[in-house]
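Hi,

Here is the model I promised to pass along.

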Amino acid sequence: MKKENFVLIYQKYRMIIFPVVIALSCLILIVFVMIPQLSKFFKNSKEEANFKAKSDFLDTKVEALESLDEKDLQKKLKDVVTAYPQEKDFITLITLLQKITSGNGFNITSLSFGGDGVSKDSSYGILIEAVGPKSVLARLLNSIETSSRLMRVERIEISSSKSGDMITANLAISALFAPIPGNLGSVDSPLPPISKGEEELIARLAGGQEVPLTAVELSPTGKSNPFE
Amino acid sequence: MNKKISINLLPVEYATEEIKKANFYKIQIFGIASVVIVTFLASLIVALGVLQSKNITEVKARLGENEEKVLQLKDRQALVFVIKNRLATINQYFGITSKQVAIYSMLNQLLPSGLNISSYTIDRSGEAVVVGVVSDGESVDNLIVGLTSKSEASDKISRVSIENLNRGRDGLYRISLKIQTK
C-alpha cells in the first residue's frame with residue numbers, strides 16, 4: 001500500500017521530485033567531496049612546492065658543500081683563527097711582537113698585559129715599551145697593524161732622547177679575539193659563499209708573518225721542588 | 001490548388017501527457033548527465049589528490065635524503081661558518097690603519113724638521129700632544145701655520161692649541177701643542 005502510494009505521489013510530482021533529488025545529489029557531491037578535496041589539493045600543492053623548493057635548496061647546498069675541499073677549509077680556518085683567535089693567545093702575541101719590533105730595529109724593554117681593548121669587540125690590551133730609531137717608528141706601527149694577528153694601536157707615547165735618532169715608544173695595543181660562535185648553521189641555513197675578496201684576504205693572512213707556537217721556549221723558573 | 005488540412009483528433013489530455021513525458025525525458029537526461037559529470041569531476045579531483053600525495057611522499061623522501069647528506073657534511077658547513085664569522089671582523093681591521101697611526105703619520109709629515117720633538121702622545125680619542133723645542137720665533141709661527149693651513153691638515157685637524165710656550169735662557173722655545181683631530 002505504501003509503495004503504491006509512493007509511486008503515485010512520484011508519478012504525480014516527478015517533475016519536481018526528480019530534479020530536486022538530482023540537485024541534492026550534485027550538491028552533496030560538491031559540498032562533501034569536491035570542495036574538501038579541492039581545498040586539500042590546493043593546500044597540498046603549496047606544501048609540495050615548499051618541500052620541492054627546500055629539497056632543491058638542499059640539493060644545491062649539498063653540491064656546494066661537496067665541491068669544497070675540507071683540507072683547504074682546514075687550512076683557511078687555521079689562518080683566520082691565527083689572525084683572530086678564539087681565546088687570549090699571550091705566548092703567540094709576545095713572540096709576534098718581539099719579531100715585529102726586532103724586525104723594525106726596536107728592542108722591547110718592557111711588556112705587560114692590561115689596559116682596555118677595543119670596546120665593541122673582545123680584546124685585551126698589551127702595553128709595550130720599546131727603544132729604537134724614530135725614523136722607523138711609522139714602519140713599526142704599520143707592521144703591527146698589518147701583521148697576521150689582528151692588533152690595533154690604541155695609544156702612542158714617544159719620548160726622544162736628547163741626542164740621536166733613538167726614541168722610547170710606549171704603545172698600547174689591543175689584540176682582538178672572540179670565541180667560536182655557538183651557532184654553526186642549521187640544515188636549512190644557507191651556506192655563505194667565501195668571496196674572491198675574502199679568498200685574497202685569507203691568502204694575505206697566510207702570507208703574513210707566521211709565528212709558530214714553539215718559537216718561544218718556556219723555561220721553568222724557580223726551584224724544581226719548592227719544598228726543598 | 002490542393003490544400004492540406006491537418007486535424008488533430010487526439011484528445012487534449014493525451015497530447016498534454018505526451019508533452020509532459022517529453023519534458024520529463026529531457027529533465028531525466030539533463031539530471032543524469034549532471035550527476036555523471038559531477039561524479040566524474042569528483043573522481044578526478046580525488047585521483048589528483050592521490051597522485052599528489054604520492055608526489056609529496058617522493059619529494060619528502062628526497063628532502064630527507066638531502067637533509068641526511070647535509071648532516072654528513074656538517075663539519076664542512078661549520079668550517080665555512082667559522083671562517084665567514086672570523087672574516088667579518090678581520091675585514092674590519094686587517095690592513096686598515098687605526099686613527100692613532102694615521103694621525104702619527106700625518107703629524108710626521110706636517111711637523112717641520114726644525115721642531116725637535118721631546119715627547120709625543122696620541123691617545124685613544126685621537127688627541128695628540130706634542131712637546132718640542134724650536135730654535136726661533138719664526139719656526140713657532142711656521143709650525144702653527146703648517147698645522148692649521150695646509151689642506152691635508154684642515155681635513156683632519158679640528159683644533160690646534162698652544163698649551164705652553166716659553167723661551168729659555170738658551171734662546172730656545174719650548175712649546176707644548178694640543179692637536180685635536182676630527
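Below is what turned up, starting with the ground rules.

This is a predicted model, with local features needing pLDDT of at least 70 and side-chain atom pairs pLDDT 80 or more, while totals for chains, interfaces and linings use all residues. Residues are numbered from 1 along each chain as its sequence is written, chains are lettered from A in the order written, and side-chain values use heavy atoms, without hydrogens or water.

First, the contact between the chains (heavy atoms within 4.5 Å). Chain A puts in 86 residues and chain B 66. About 7100 Å² is buried between them, 69% of it from carbon and sulfur atoms; that is accessible area (1.4 Å probe) lost on putting the two parts together, summed over both. On chain A's side, H1(A) gives the largest share, 30 residues.

There are 5 salt bridges between chain A and chain B (a side-chain nitrogen of Lys or Arg within 4 Å of a carboxyl oxygen of Asp or Glu). One pairs A:Glu198 with B:Lys84, at 2.8 Å from N to O.

Now the nonpolar cores: buried (under 20% relative accessible area, 1.4 Å probe, protein chains only) Ala, Val, Leu, Ile, Met, Phe, Trp, Tyr and Cys residues joined through side-chain atoms within 4.5 Å. The largest has 45 residues, and A:Ile144 and B:Leu107 are among those with the most contacts inside it. A separate second core of 32 residues includes A:Leu58 and B:Leu73.

Cheers

Key: Buried < 20%, exposed > 50% of the residue type's maximum accessible area, 1.4 Å probe, protein only. Helix = DSSP H or I, 4+ residues; strand = E, 2+ residues; numbered from the N terminus.
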